[in-house]
Amino acid sequence: GNVLQLQELIKDKGVEVFQFYIFFLLGFMSGLAGGNGSRFMNSKNADSCVTGMLVLLHVLDSSAQAVYWSFIVHRAESLQLPANTPEDVALVRLACLGRIQDQADFVQLRVSWELLGLR
């Protein structure tokens, strides 16, 4: 949904608006959790933000689905998680939604996921 809307906005408003959007997004994400400097933009969050922005560079030459799933696969790689099966990719997507930032948290997510299958 949002990637498709972004593609439509770029077609309507132009690449300059997209470039400003990326610049704004970086500033906005850096300011989250405010304070002296940024408590949000630590190395783990910066990696995810940079990955997202790099993937968004393909918003004009790829489908919305390709951009979205490319981000998920890149996050799997940066977290050193498997993304070989549909279940792997679903778990990585869930990890992104849950803001999982390291393997220890992912292990807890995977255990919970597997427990769901036992019911």
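Guide: Before we start, a word on labels: helices here are DSSP runs of H or I with at least four residues, strands are E runs of at least two, and both are numbered from the N terminus. Also, this is a predicted model.

Visitor: Good to know. How many helices and strands does the protein chain come to?

Guide: Six helices and zero strands. Reading from the N terminus, the order of elements is α-α-α-α-α-α.

Visitor: And what does the C-alpha trace span along its principal axes?

Guide: About 50 × 40 × 20 Å. The protein chain has 119 residues, and 27% of them count as buried.

Visitor: What share of the contacts join residues at least 24 apart?

Guide: That's 39%, taken among contacts between residues at least 6 apart in sequence.

Visitor: OK, start with H1. How many residues does H1 have, and how far does H1 reach?

Guide: H1 has 12 residues and runs 16 Å from first C-alpha to last, close to the 16 Å expected at 1.5 Å a residue.

Visitor: Which residues in H1 are buried?

Guide: Val3, Leu6, Gln7 and Ile10. Looking down the H1 axis, the buried residues sit within an arc of 100 degrees, so they line one face of the helix. Asn2, Gln5, Asp12 and Lys13 are exposed on the other side of H1.

Visitor: On to H2. What should the 17 residues of H2 span at 1.5 Å a residue?

Guide: H2 covers residues 15-31 and should span 24 Å; its end C-alpha atoms are 24 Å apart, which agrees.

Visitor: Which residues of H2 are buried?

Guide: Phe18, Ile22, Leu25 and Met29. Down the H2 axis, these buried residues fall within an arc of 60 degrees, so they too line one face of their helix.

Visitor: Which residues are exposed on the other side of H2?

Guide: Glu16, Phe20 and Phe23 are exposed there. The buried residues of H2, meanwhile, pack against H1 (2-13) and H3 (43-56).

Visitor: Where do the axes of H2 and H3 stand: how many degrees do they cross at?

Guide: Roughly 175 degrees, and the axes come within 11 Å. Angles over 145 degrees count as roughly antiparallel, and H2 and H3 are therefore roughly antiparallel to each other.

Visitor: Which residues make the contact?

Guide: From H2 you have Phe18, Tyr21, Ile22, Leu25, Leu26 and Met29, and from H3 there are Cys49, Met53 and Leu56.

Visitor: New topic: Arg75. Buried or exposed?

Guide: Arg75 is buried, at a relative accessible area of 6%. The cut-off for buried is under 20%. Arg75 lies in H4.

Visitor: What does Arg75 touch?

Guide: Leaving aside residues up to four places away in sequence, Arg75 touches Asp47, Ser48, Cys96 and Ile100.

Visitor: Back to backbone angles. What phi does Gln80 have?

Guide: Gln80 has a positive phi of about 55 degrees, although it is not a glycine. Gln80 sits in the loop between H4 and H5 and counts as exposed at 64% relative accessibility.

Visitor: And Arg99, what is its phi near?

Guide: Near 55 degrees, again a positive value in a residue other than glycine. Arg99 is in the loop between H5 and H6, with H6 being residues 103-117. Arg99 is exposed, with a relative accessible area of 70%.

Visitor: Last one, Ala90. Which helix does Ala90 lie in?

Guide: H5, which is residues 86-97. Ala90 is partly exposed, with a relative accessible area of 33%.

Visitor: How many Å apart in space are Ala90 and Phe28?

Guide: They are 28 Å apart, C-alpha to C-alpha, and 62 residues apart in sequence.

Conventions: Residues are numbered from 1 along each chain as its sequence is written. This is a predicted model: local features need pLDDT of at least 70, side-chain atom pairs count only at pLDDT 80 or more; totals for chains, interfaces and linings use all residues. Side-chain values use heavy atoms; hydrogens and water are left out. The expected span of a helix is 1.5 Å times one less than its number of residues. Buried means under 20% relative accessible area, exposed over 50%, partly exposed in between (1.4 Å probe, protein chains only). The arc is that of the directions from the helix axis to the C-beta atoms. Contact means heavy atoms within 4.5 Å. Axes are lines fitted to C-alpha atoms, for helices over the stretch in contact, and angles run from 0 to 180 degrees between N-to-C directions. Angles under 35 degrees count as roughly parallel, over 145 as roughly antiparallel, 65 to 115 as roughly perpendicular and the rest as oblique.
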